[in-house]
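Here is a short briefing on one structure.

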Amino acid sequence: MVDSCDVFACFNHDMNRVFARSNKGEGSLKLTVDEVGLKYEFDAPHTALGDELLEYLSRGDVSKSSFAFYVDPEDKDAETWESKDGVYFRTINKIAAIADVSPVF
């Protein structure tokens, strides 16, 4: 699935702050999926943004990661919803596409 997507690595999901890209498996962003989940890696670019990320990481200010994805609305098994005590829970069973991966605050 990751080899069919055009995925950006960006800061806090901001598409104006891009670190790397994987366009159908090619580019400066490496994506892999294993039994644990989605993994990504890239070399920080030699830019002000790349330097900013490395500084935030070394200080521990950025210590989380997130990814944006889509499910196929036509695939009824792609997601399930259930309510527990008035709170709705969504379970993702199948991702159709990944939009971005992001180091986040």
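N12 counts as partly exposed because its relative accessibility is 33%; buried means under 20% relative accessible area, exposed over 50%, and partly exposed in between (1.4 Å probe, protein chains only). The model is predicted: local features need pLDDT of at least 70, side-chain atom pairs count only at pLDDT 80 or more, and totals for chains, interfaces and linings use all residues. Residues are numbered from 1 along each chain as its sequence is written, and side-chain values use heavy atoms, with hydrogens and water left out.

**Loop between β1 and β2**
- N12 sits in the loop between β1 and β2 (18-23).
- Its phi is near 55°, a positive value in a residue other than glycine.
- H13 lies in the loop between β1 and β2.
- Phi of H13 is near 60°, again positive in a residue other than glycine.
- H13 has 30% relative accessibility, so H13 counts as partly exposed.
- Most residues other than glycine have a negative phi.

**Sheet**
- Five strands make an open sheet with mixed pairing, in the order β3-β2-β1-β9-β6.
- β3 (26-27) and β6 (64-70) are the edge strands; each has a single partner strand, so one side of each lacks a neighbour in the sheet.
- Strands (E, at least two residues) are DSSP runs, numbered from the N terminus.
- Two strands pair if DSSP finds at least two bridges between them.

**β1 and β9**
- Strand β1 (residues 6-10) runs parallel to strand β9 (residues 97-104), and two bridges join them.
- F8 has D100 as its bridge partner in β9.

Notes:
Helices (H or I, at least four residues) and strands (E, at least two) are DSSP runs, numbered from the N terminus.
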